[in-house]
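Visitor: Hey, could you walk me through this one? I'm new to reading structures.
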Amino acid sequence: MEYGDMLEQIQQGRKFKRSGWNGRDQYVFIMPAHVLQQAVSEHLQSTDEVVDQIWIKTSGGKLGPYTASTCDTLAKDWGFFSTQEELDAPKPFFTNSQKSA
């Protein structure tokens with residue numbers, strides 16, 4: 001799958017990985033705005049609107065914002081990331097009613 005295809009589908013709450021990545025449990029996903037809004041409001045005492053972001057879970061188990069490299073954007077080895085638990089009982093990360101406009 002190409003990067004553009006992944007970008008379209010990640011907005012549905014799916015997780016994605018690249019077969020070219022070294023980390024077996026590494027994947028990217030959408031961090032919905034509503035999840036971040038409370039933290040931003042409390043930490044910055046701000047009412048600024050937060051937008052959905054692409055985040056990454058690293059092979060070391062850390063989470064953070066993801067910025068695609070040139071290699072990532074040109075790669076054709078993007079695929080779905082699923083744990084066995086997700087395969088057994090798939091649940092979207094967020095529902096369409098929770099997505100920001």
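Predicted model: local features only at pLDDT ≥ 70, side-chain atom pairs only at ≥ 80, totals over all residues.

Visitor: Okay, so is Tyr-66 buried or exposed?
Guide: Tyr-66 has a relative accessible area of 12%, so it is buried.

Visitor: And how much of the protein chain do buried residues make up?
Guide: They make up 30% of its 101 residues.

Visitor: Back to Tyr-66. Which residue does it form an aromatic pair with?
Guide: That would be Trp-21. The count of aromatic pairs comes to 6, and this one is edge-to-face, with 6.2 Å centre to centre and 70° between the planes.

Visitor: What does that pair tie together?
Guide: Trp-21 lies in the loop between E1 and E2, and Tyr-66 is in the loop between strand E4 (63-65) and H3, so the pair ties together parts that are 45 residues apart in sequence. Trp-21 is buried too, at a relative accessible area of 14%.

Visitor: What about the rings of Trp-21 and Trp-78, how do they sit?
Guide: Their centres are 5.3 Å apart and their planes are at 80°, so that pair is edge-to-face. Trp-78 lies in strand E5, so here the parts tied together are 57 residues apart in sequence. Trp-78 is buried, with a relative accessible area of 3%.

Visitor: Which residues do ring pairs link into a cluster?
Guide: Tyr-3, Trp-21, Tyr-66 and Trp-78.

Visitor: Switching topic: how many helices and strands are there?
Guide: The protein chain has 4 helices and 5 strands. Along the sequence, the pattern goes α-β-β-α-β-β-α-β-α.

Visitor: Which residues are buried in helix H1?
Guide: In H1, which runs over residues 3-10, the buried ones are Tyr-3, Met-6 and Ile-10. They cover an arc of only 55° around the axis, so they sit on the same side of H1.

Visitor: Why would residues three or four places apart point the same way?
Guide: Because an α-helix has 3.6 residues a turn.

Visitor: Nice. What do the buried residues of H1 pack against?
Guide: Quite a list: strands E1 (16-18), E2 (27-31), E3 (53-57) and E5 (78-80), plus helix H3 (70-74).

Visitor: Last one: where does Arg-14 lie?
Guide: Arg-14 lies over the face of Phe-80, at 3.9 Å from the ring centre.

How values were computed: Residues numbered from 1 in each chain as written. Heavy atoms only, no water. Buried < 20%, exposed > 50% of the residue type's maximum accessible area, 1.4 Å probe, protein only. Helix = DSSP H or I, 4+ residues; strand = E, 2+ residues; numbered from the N terminus. Arc of directions from axis to C-beta. Contact = heavy atoms within 4.5 Å. Phe/Tyr/Trp six-rings, centres within 6.5 Å; stacked < 30°, edge-to-face > 60°. Lys NZ or Arg CZ within 6 Å of the ring centre and 35° of its normal.
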